[in-house]
Structures are given as structure tokens and as C-alpha cells.
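The following exercises are to be worked through with the sequence and the structure at hand. Each task is followed by a solution in steps.

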Amino acid sequence: MQSLSNRKKVLEQKPMNIWERMYLPAIAKGLAITLRHFFKKIPTVKYPEQIRPYSKNFRGQHSLKRDEQGRERCTACGLCALSCPAEAITMTAAERQKGEENLYREEKYAAVYEINMLRCIFCGLCEEACPKEAIYLDGPHVTASYLRKDFIYGKDKLVEPKFDITQLQQKSIT
Ligand code: SF4
Ligand code: SF4
């Protein structure tokens, strides 16, 4: 029957010659390819013993930053949560009380701040949206776990540890 595209080709099956019927040249060719790959440099990295250097643009776990006086920068404005395409961020805002000026930089702060790492796609939009430079994706990989609840990261995992301000001041002097 005539094909619609008219590109049909009739193939002829040629009979195999003596070498092809012996299969030996084909086997030798296959072995040569195997040997060539055997002595090639292996590109596989034996993780976790070996760790490849990350790209400068690597986005890892989020960290909630402190200012130069060690106070939490986040003011619970919610812009990061609004900009998040995966709806991974939730928070509860609270008013700063008298005497807490050394803990929180702004009058409002995040009493609860959670990121669902199973939802997060590490796009970095929360980092870009933050007007207070309070959130950066500059941490390591999110660690594996068998339980879903372990992937809800709260402030205990997100807020960067307190640093010694006197050491920082000494560094800036020297
Ligand atoms: S990195 Fe992207 S997906 Fe993850 S919390 Fe931020 S905005 Fe959402
Ligand atoms: S991390 Fe930044 S954008 Fe998100 S609530 Fe805090 S201040 Fe607002």
C-alpha cells in the first residue's frame, strides 16, 4: 500500500558473510569497548566520604539571621510566606515586650516560624522578598529522615546561633 508521507523505504535483508556468522569480530569489538571504559577515570563520587565542592549559587537550608547586636532580624511581615510558590512557610507574629529589645530588632517578631522542607523547592524567592535581610538559604543540605514531622523546621533549627558580640568587635578593630 502507498504510504501517506511517501517516505516508506523497503529494506533488504542481506545475508551475513562468514565473519558475521562467526560473531567473533563483534565479540572482540564489544570487549575492546569494555576495556576502554575499564581504564577511564571514574566520574562517580563516593558520597558521603567524598564531597564535591558546591557551586557558588548553591541554595541549602534556610537560616534566620541576627543583626550585629545578636537580635533576630525577622519582623514577621509575612512577605517571604506570600512569595513562596510552594506555600512552605508559616509564622505567627508577636509584639515585642518591654525588656526584649536585646532579643528582637523590630517591634514585631516571629514567635513561631516554620518551613516545611518537604514542600520547599529551594527557589530562593523568600530570600529575595525579605526587606530585612533576615532569611538566607546559605546552610547545608537538609538531612534525610524517615518521619515527615522531622522536615518541619522551626526556629530552633532556623535561627542562627547567638554569637559573641565582643569577639566581633575585636575582629573589626584588628
Ligand atoms: S526557597 Fe522557595 S520554596 Fe523554599 S521556602 Fe523559600 S520561597 Fe518557598
Ligand atoms: S523572614 Fe523577612 S520576609 Fe519573612 S517574615 Fe521575616 S522579615 Fe518578613
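UniProt positions are given here in the numbering used for this structure, feature names are shortened, and annotations may be inferred rather than shown by experiment. The structure is a predicted model, in which local features need pLDDT of at least 70 and side-chain atom pairs count only at pLDDT 80 or more, while totals for chains, interfaces and linings use all residues. Residues are numbered from 1 along each chain as its sequence is written, and chains are lettered from A and ligands numbered from 1 in the order in which they are written.

**Exercise 1. The annotated binding site**

Task: State which residues carry the UniProt feature "binding site", and determine how they are arranged in space.

Solution. 

Step 1. The unreviewed UniProt entry places the "binding site" at C84, C120, C123 and C126. These residues are spread over 43 residues of sequence, yet they cluster in space, with a largest C-alpha distance of 10.4 Å.

Step 2. Consider ligand 1 next. A residue is near a molecule if its C-beta atom, placed from the backbone, lies within 6 Å of it. By this criterion 14 residues surround ligand 1, and the closest are C84, C120, C123, L125 and C126.

Step 3. For the class count, Ala, Val, Leu, Ile, Met, Phe, Trp, Tyr, Cys and Pro are nonpolar, Asp, Glu, Lys and Arg are charged, and the others, Gly among them, are polar. The shell around ligand 1 then holds 12 nonpolar, 2 polar and no charged residues.

**Exercise 2. Two cysteines of the site**

Task: Locate C120 and C126, and decide whether C120 and C126 are buried or exposed.

Solution. 

Step 1. Helices (H or I, at least four residues) and strands (E, at least two) are DSSP runs, numbered from the N terminus. C120 is in the loop between β3 and α4 (125–129), whereas C126 lies in helix α4.

Step 2. A residue is buried if 20 or more other C-beta atoms lie within 10 Å of its own, exposed if 12 or fewer, and partly exposed in between. C120 has 22 other C-beta atoms within 10 Å and is therefore buried. C126 has 25 such neighbours inside 10 Å, so C126 is buried as well.

Step 3. Two residues are in contact if their C-beta atoms, placed from the backbone, lie within 7 Å. Leaving out residues up to four places away in sequence, C120 touches A86, A88 and I115.

**Exercise 3. The shell of ligand 2**

Task: List the residues around ligand 2 and sort them by class.

Solution. 

Step 1. The surrounding residues are C74, T75, A76, C77, G78, L79, C80, A129, C130, K132, A134 and I135.

Step 2. Sorted by class, this shell has 9 nonpolar, 2 polar and 1 charged residues.

**Exercise 4. The sheet**

Task: Give the order of the strands in the sheet and explain why two of the strands stand at the edges.

Solution. 

Step 1. Two strands pair if DSSP finds at least two bridges between them. Three strands form an open, antiparallel sheet in the order β2-β3-β5.

Step 2. β2 (89–95) and β5 (152–153) each have a single partner strand, so one side of each is left without a neighbour in the sheet.

Step 3. Between β2 and β3 (residues 108–116) there are 7 bridges in the antiparallel sense. The bridge partner of T90 in β3 is E114, and that of I89 is I115.

Step 4. β3 and β5 run antiparallel and are joined by 2 bridges. Here N116 stands opposite I152 in β5.
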